[in-house]
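User: I'd like to go through this structure with you before I set anything up. Could you take my questions as they come?

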Amino acid sequence: MSATAQPPVAVAPVTVIVPTYNERENVAELVRRIGAALGGYRAEILFVDDSSDGTADEVARVAVSAPLPVRVIHRESNSGGLGGAVVLGLQQAAYDVCIVMDGDLQHPPELLPAMLARYARGDADVVAASRYIGGGDSAGLGTTLRLGVSKAATAVTKAMFLRRLWRSTDPMTGFFLVDRARVDVDVLRPQGFKILLEILVRAGERHDLRIAEVPMAFGARQHGNSKATLRQGATFLAHLARLRFGKMGLFALIGGIGAVANIGIMWVLTQAGMDYLIAAVIGAAATIIGNFVLQELFVFRAERHDASRLWVRFAASVSFNGIEAALRIPVMAWMVESWHISSVLATAISLVVAFFARFLFHALVVYAPRKRKTADAVAEPAVDTAAMRVLRAIDAEAMRPGEL
Ligand code: GDD
Ligand code: MN
């Protein structure tokens with residue numbers, strides 16, 4: 001233990017939780033480096049192990065000469081995978097302040113004091129080590145493809161849980177500090193890898209968790225293999241869908257209703273003898289306005305309050321739809337020409353991509369939280385017309401799509 005490491009005063013004792021699945025080769029160095037980083041702190045290391053390679057025995061061996069208490073819980077049956085192991089760790093930790101980190105040295109233990117120092121400032125319930133903020137680095141993720149997938153997954157996830165994840169640049173990181181006293185550990189039902197996401201979204205139900213971040217350099221794995229597989233990816237998608245089926249599903253439903261209404265309006269008007277071009281314009285306008293009202297009322301109800309003004313939202317939403325409509329046909333033609341796929345397939349692909357783009361744009365741009373106005377007592381007095389009061393009344397009756 002180095003005599004130079006001096007913890008700042010008033011740093012709470014900490015349990016470092018390390019989930020392990022066949023990490024035998026990494027245990028000794030991990031314990032040595034955590035011990036060095038936390039010299040002088042009150043701390044313990046708790047391994048939660050599902051290995052079949054003797055990792056637990058290695059932990060027991062290393063514990064004997066470790067500079068801090070080291071415990072290991074070896075699970076007979078692996079329930080809930082990595083996420084399940086972390087939840088058990090949170091339940092069994094000796095201290096409320098817990099830091100979860102990987103056991104493969106991809107998470108540098110040298111960052112532990114910085115996370116504790118950030119937490120000690122007292123304005124956060126969670127401190128995450130982010131690969132994506134200034135000074136952060138995700139080189140250890142490996143291929144450009146995996147980095148791209150990771151970034152895309154982060155964007156979609158943030159869009160789906162706009163309010164709770166707004167301040168998090170890396171809700172998927174596996175390296176984070178959480179104050180157990182501030183979360184409801186028993187409600188956590190993690191599936192696979194994305195445990196921080198689960199904590200931020202589900203355990204912050206009663207009060208939103210305040211999240212702070214420190215930059216981290218995500219290192220390359222030294223021994224053994226990553227357990228992240230395609231299957232993990234699928235589990236993640238299913239988990240996301242389960243956490244937030246409401247929002248995106250509803251958005252899709254409203255889009256579908258709009259399309260049907262558009263056709264219906266055109267049919268009625270042309271039957272009544274109107275020129276089909278004029279009927280088309282009226283149908284499109286009615287659909288655009290109708291969709292906007294429905295999405296305001298049902299999909300982004302909660303986000304509206306902190307977002308920009310009504311007319312700004314309307315203009316942004318309508319502009320996006322216009323640009324999308326103008327771009328989709330040429331892009332489709334380009335796909336048919338250069339990929340040599342059928343026009344039906346091209347249409348299907350372009351519609352699916354357009355749908356996700358539309359949802360992302362609305363979630364991340366149109367309904368993005370703006371800086372809170374000094375007093376949020378009177379929201380948007382300029383548009384508090386009779387129409388808005390009626391909208392609000394319907395609004396109050398409307399059932400809100402919830403998170404599980
Ligand atoms: N107990 C237990 N049970 N531990 C597990 C299990 C399991 O079923 N599966 C994996 N682990 C442990 C590993 O031994 C390692 O210590 C840690 O969890 C992370 O597993 P890796 O296989 O190294 O995952 P990764 O590097 O691909 O993913 C990491 O980075 C992701 C961000 O890209 C993890 O931190 C993820 O949580 C994170 O989302
Ligand atoms: Mn890893």
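**Helix crossing and sheet**

Analyst: Gladly, and I would start with a helix pair: α10 passes α12 in a right-handed crossing, bearing in mind that this is a predicted model.

User: At what angle do α10 and α12 pack, and how far apart are their axes?

Analyst: Helix α10, covering residues 276–299, and helix α12, covering residues 310–339, pack at about 125 degrees with their axes 11 Å apart, which makes α10 oblique to α12.

User: Which residues make that contact?

Analyst: On the α10 side they are I288, I289, F292, Q295 and E296, and on the α12 side L310, R313, F314, S317 and V318. Sorted by class, the contact of α10 with α12 has 6 nonpolar, 2 polar and 2 charged residues.

User: Switching to the sheet, what is the strand order?

Analyst: The open sheet has 7 strands in the order β3-β2-β1-β4-β6-β5-β7, with mixed pairing. Its edge strands are β3 (70–74) and β7 (211–215), each of which pairs on one side only, and neighbouring strands are turned by 20 degrees against each other on average, direction ignored.

User: And β4 with β6, parallel or antiparallel?

Analyst: Strand β4 (residues 97–100) and strand β6 (residues 176–179) run antiparallel and are joined by 4 bridges, and within this pair V100 stands opposite F176 of β6.

User: Which strands does α1 touch?

Analyst: Helix α1 (residues 24–37) packs on the sheet and touches β1 (14–20), β2 (43–49) and β3, its direction making about 155 degrees with that of β2. Helix α7 (residues 195–203) also packs on the sheet, where it touches β5 (126–130), β6 and β7, and its direction makes about 35 degrees with that of β6.

User: New topic: where does G249 lie, and is G249 buried or partly exposed?

Analyst: G249 lies in helix α9, which spans residues 245–271, and because its relative accessibility is 22%, G249 counts as partly exposed.

User: How far is G249 from V299?

Analyst: In sequence G249 and V299 are 50 residues apart, while in space their separation is 9.3 Å, taken C-alpha to C-alpha.

User: Last one, the whole chain: how many helices and strands, and what share of residues is buried?

Analyst: The protein chain has 14 helices and 7 strands, and 42% of its 404 residues count as buried. Among contacts between residues at least 6 apart in sequence, 78% join residues at least 24 apart.

Methods
Residues numbered from 1 in each chain as written. Chains lettered and ligands numbered in written order. Predicted model: local features only at pLDDT ≥ 70, side-chain atom pairs only at ≥ 80, totals over all residues. Heavy atoms only, no water. Axes fitted to C-alpha atoms, helices over the stretch in contact; angles between N-to-C directions. Helix = DSSP H or I, 4+ residues; strand = E, 2+ residues; numbered from the N terminus. Parallel < 35°, antiparallel > 145°, perpendicular 65-115°, else oblique. Left-handed = near helix turned anticlockwise from the far one by under 90°. Contact = heavy atoms within 4.5 Å. Nonpolar A, V, L, I, M, F, W, Y, C, P; charged D, E, K, R; others polar. Pairing = 2+ DSSP bridges. Buried < 20%, exposed > 50% of the residue type's maximum accessible area, 1.4 Å probe, protein only.
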